[in-house]
Amino acid sequence: MQHRTIGSQTVSAIGLGGMPMSIEGRPDQERSVRTIHAALDAGVTLIDTADAYHRDAGEVGHNESLIASALDSWSGDRDGVLVATKGGHLRPGDGSWTLNGRPEYLKEAAAASLKRLGGEAIGLYQFHRPDPEVPYAESVGALAELLDEGVIRMAGISNANPDQIREANEVLGGRLVSVQNQFSPAFRSSLPELQLCAELGIAFLPWSPLGGIKSAGDLGTKHDAFAELAQEKGVSPQRLALAWELALAPVVVPIPGASRPESIEDSVQAGDLQLSDDEVARLSDAAKKVEQQD
Ligand SMILES: NC(=O)c1ccc[n+]([C@@H]2O[C@H](COP(=O)([O-])OP(=O)(O)OC[C@H]3O[C@@H](n4cnc5c(N)ncnc54)[C@H](OP(=O)(O)O)[C@@H]3O)[C@@H](O)[C@H]2O)c1
């Protein structure tokens, strides 16, 4: 398994995204725990979650609690596992997503996440999405305070543009360790942010790296070049897509979601799939063409 760095911590090159185990269409708890254990047994040491990964109104933090409980019942060394959560996005329970980037709210949300996750501090806390009602520096300022108070060990942001990345890093006094943006063969619009992170040495975590829960299974159908090269190499198009993302920069750490052990077991092996420069260029060109057609 290849490794990468987020701030001061070494993590597996492929993380596990927790969202499919807590929102609409989620599996039962037993299968979710098996999925998380399969990831950990395969060497995954990064799990991405959020307080908003839940379905009904009364179950905020469903995914955080699930991950905490799976880590409790896992026989391995949980100290080496980085759990990255987020705050600032909310789900009222009707399927919609709302925003709250007020600093006082973010501080309360982080305290509640810490309680659910357990331990002395949250490993990585990410501001989930900019709130147009609140100046960005004020929201990120809450993360600076959380760092100073020791509630969180590392700070990251999500769904940010290049200006926001620079601003957040400044507000945090150079302590911004990660940016989590949407990025996949079908969605390459975050390439400027990926490249800026590579320049600044900040980890870039592609979210929905396989195209999202509903589209991940169709990756090979939509992207011929990925299907063809995957077949040549005898791997799944999904594994190839993750290997392609890893090859784009050493700061990239994809977090594919899973609700079945088999999915994450396959995805994790992208960390061992080496691609030549020509193969990476071929896949990048093909992804660009599909994007232009859409
Ligand atoms: N920051 C944000 O705003 C934001 C937004 C969305 C997501 N996220 C994070 O990013 C993570 C990943 O995104 P996502 O879950 O939306 O989408 P995704 O990773 O693109 O796709 C997830 C789906 O891919 C399937 N899959 C995974 N590995 C596979 C493989 N090797 N072969 C075939 N299918 C495979 C899984 O199927 P099964 O369910 O059958 O296992 C899963 O449902 C989320 O879980 C969440 O942690 C963050």
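**H5 against H6.** I started with the helix pair in this predicted model: the axes of H5 (residues 162–171) and H6 (residues 191–200) come within 9 Å and cross at roughly 30°. Axes here are lines fitted to C-alpha atoms over the stretch in contact, with angles from 0 to 180 degrees between N-to-C directions. Helices are DSSP runs of H or I with at least four residues, strands are E runs of at least two, and both are numbered from the N terminus. From H5, I listed Pro162, Ile165 and Arg166; they meet Pro192, Glu193, Leu196, Cys197 and Leu200 of H6 (contact means heavy atoms within 4.5 Å). By class, I get six nonpolar, no polar and two charged residues.

**Ground rules.** I number residues from 1 along each chain as its sequence is written, and side-chain values use heavy atoms, without hydrogens and water. Local features need pLDDT of at least 70 and side-chain atom pairs 80 or more, while totals for chains, interfaces and linings use all residues.

**Positive phi.** Most residues other than glycine have a negative phi. Asparagine 159 has phi near 55° and sits in the loop between strand S9 (152–158) and H5. Asparagine 159 counts as buried because its relative accessibility is 17% (buried is under 20%, exposed over 50%, partly exposed in between, with a 1.4 Å probe and protein chains only). Serine 208 has phi near 45°, in the loop between strand S11 (203–207) and helix H7 (219–222).

**Ligand.** I then followed serine 208 to the ligand: one of its polar side-chain atoms lies 2.9 Å from a ligand oxygen. For serine 259, I read 2.6 Å from a polar side-chain atom to a ligand oxygen.

Conventions
Ala, Val, Leu, Ile, Met, Phe, Trp, Tyr, Cys and Pro count as nonpolar, Asp, Glu, Lys and Arg as charged, and the others, Gly among them, as polar. A polar contact is a pair of N or O atoms within 3.5 Å; within protein, one must be able to donate a hydrogen and the other to accept it, and residues adjacent in sequence count only if both atoms are side-chain atoms.
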